[in-house]
2 protein chains.
Amino acid sequence: METRELRYFVAVAEELHFSRAAQRLGIAQPPLSRAISQLERRLGGPLLERNSRGVALTEAGRVLLAEARAAIDAVDAAERRTRRATGDGSEPGLVLVSKAGAASELLTKLLDAYAAEPGAVKVEVDLCGIGEQGPRLRDGRADVALLHRPFDVIDGLDTEELLTEGQVAVLPSSHPFATRSELRMADLEDVPGLPPMSWPGARAQAGAGPEIRDSTQLYQLVGLGRAFTILPESARAEQHHGVATVPVVDAPEVTTVIAWPPHSRSLALAALVRAATRL
Amino acid sequence: METRELRYFVAVAEELHFSRAAQRLGIAQPPLSRAISQLERRLGGPLLERNSRGVALTEAGRVLLAEARAAIDAVDAAERRTRRATGDGSEPGLVLVSKAGAASELLTKLLDAYAAEPGAVKVEVDLCGIGEQGPRLRDGRADVALLHRPFDVIDGLDTEELLTEGQVAVLPSSHPFATRSELRMADLEDVPGLPPMSWPGARAQAGAGPEIRDSTQLYQLVGLGRAFTILPESARAEQHHGVATVPVVDAPEVTTVIAWPPHSRSLALAALVRAATRL
DNA sequence: AGCAAGGATACCTGGCCGGTATCGACGGTC
DNA sequence: GACCGTCGATACCGGCCAGGTATCCTTGCT
């Protein structure tokens, strides 16, 4: 099977519409129809059900969709990482990705420690939205990531634990809870007049609160008295106007891990991970 | 990048010889040379160094080799799993792979428990050589595997723990140790007149002992008084002529885990894993 | 110098990809 | 129920590129 065929199939499976998929792919509809038919013939059965007025995936189609996405990511990763490794000098040697606004203290320590190693290469730090790190590692836009268990999905990645910490509630400083010396999860089940925030990607926790994408947004919302949330202790290092933090003594512990794709053979990556574990 | 190009590159990178690689691929040498040149042009730098009398990989080439192998495995997996999912009826719904001769008791319990579930599909059990499970999961020849931590590589796989157990020494029954009620790791550091076995794939432990590939071989060698080894307790369920087992009280614990590729969305697989964790 | 090995280049051919035109099946509408 | 719009399938054609053969060129060995 060729990459092209997989991309074609994914487009159709996502659009559930041949003409739209063809448009997205920048080709005409007939070649796309033909390519999918060939694929179905080669794989020994139908992938799509062409009902009148629409297209639906068969069971085999669902399998192929999941597998094809993973395969395309792997191919894209191969291309990106190789292009990065071709000695055109100016490019960074490693791309590290982390949630915007998280683990910044740990991150600076890590970068300093690695930079001091002999043979350290340039590290580009890429801050992305919550839950975006996994995909970036998988499709080669990044080589290594900082993640937070149990929040981030670490399926299919190699990891090393770096730091385990408790969590604190992040509240408007005007809120009655803000003066408490500690809180319990039970206190936060239903905070009067304050919705909890919900993260994109997390099991949709149906929290009626606003969705946020980065930490600036988060602190702004809290400062405005519109929401509260729970974050790892290290978030206290950042001071924000109108925002108070109170330890939540029985919150589940959060572990910051460094993660990388399992087949990586990069010496630079190995050195970075080694530096991280020695922190 | 197309799958074909990746396969071509891997062939050349493995053979380090264009003509032999072309032969292996079933094409002539000139198209292969051209394909590699195109790849190098597209990726922005050389992948191979053509020294006089031979070919060597550049750093970028090493990166691409590792990435390309993973990508090709993913594409092959997509094809195999989809072909298996196309409703041609006779085929098995899931392929489970396990080390030959290991965990047989757990395996039968698991298969029985799953078969009793509503909507259970046919499970093909595939017994393979030690260390072969990972590759089979990665390239789609299997959907799920039983592995043993810390011996098997579980990089890049999702896992659930099933069973943790101690280990026993497996010795010829004529050996002085065979009558002991227990042993310690220190006793086994250097057993007089008996070499330890070494497994393929494991970090080459330089044990001067014979290499073995399956459990029949193993018990035969032990029965002949040619070697000894350490195995999980459950191995005692199998009785073999001339072979004795003695608990090793301070051996590291072995955990049997069920493992599957992280992006799998198969309902049948999910049911099997659920059945396994309920054992 | 001659030769052999091995990768690169030149050039041709055929298959397949992608395009346009058109068909055919199905549904909604008046 | 005839008409029409939507959407995927089919027919056919043209151009590109993969793959083949022949040959060149560099290199190392004798």
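A:His148 stands opposite A:Thr256 in E10(A). This pair belongs to a predicted model. Strand E5 (residues 144–149) of chain A and strand E10 (residues 254–260) of chain A run antiparallel to each other and are joined over five bridges.

The open sheet of chain A has five strands with mixed pairing, ordered E4-E3-E5-E10-E6. Its edges are strand E4 (123–128) and strand E6 (158–165), each of which pairs on one side only. On average, and with direction ignored, neighbouring strands of the sheet are turned by 25° against each other. Helix H5 (residues 104–115) of chain A packs on this sheet, where it touches strand E3 (94–99), E4, E5, E6 and E10 of chain A. The direction of H5 makes about 165° with that of E4(A).

## The protein surface near DNA strand C

There are 19 residues around DNA strand C, and those that come nearest are A:Ala28, A:Arg34, A:Ser52, B:Ser33 and B:Arg50. Of the atoms of DNA strand C that come within 4 Å of the protein, 64% belong to sugar and phosphate. By residue class, this surface comprises eight nonpolar, seven polar and four charged residues.

At least two residues of the surface come from each of helix H1 (3–15) and helix H3 (29–43) of chain A, and from each of helix H2 (18–25) and helix H3 (29–43) of chain B. H3(A) gives the most, with four residues.

Backbone N or O atoms approach phosphate oxygens of DNA strand C at B:Phe18, with a distance of 3.3 Å, and at B:Ser19, with a distance of 3.2 Å. For B:Gln29, a side-chain N or O atom lies 3.0 Å from a base nitrogen of DNA strand C.

Technical notes:
Residues numbered from 1 in each chain as written. Chains lettered and ligands numbered in written order. Predicted model: local features only at pLDDT ≥ 70, side-chain atom pairs only at ≥ 80, totals over all residues. Heavy atoms only, no water. Near = heavy atom within 4 Å. Polar contact = N/O pair within 3.5 Å; in protein donor to acceptor, adjacent residues only side chain to side chain. Nonpolar A, V, L, I, M, F, W, Y, C, P; charged D, E, K, R; others polar. Pairing = 2+ DSSP bridges. Axes fitted to C-alpha atoms, helices over the stretch in contact; angles between N-to-C directions. Contact = heavy atoms within 4.5 Å.
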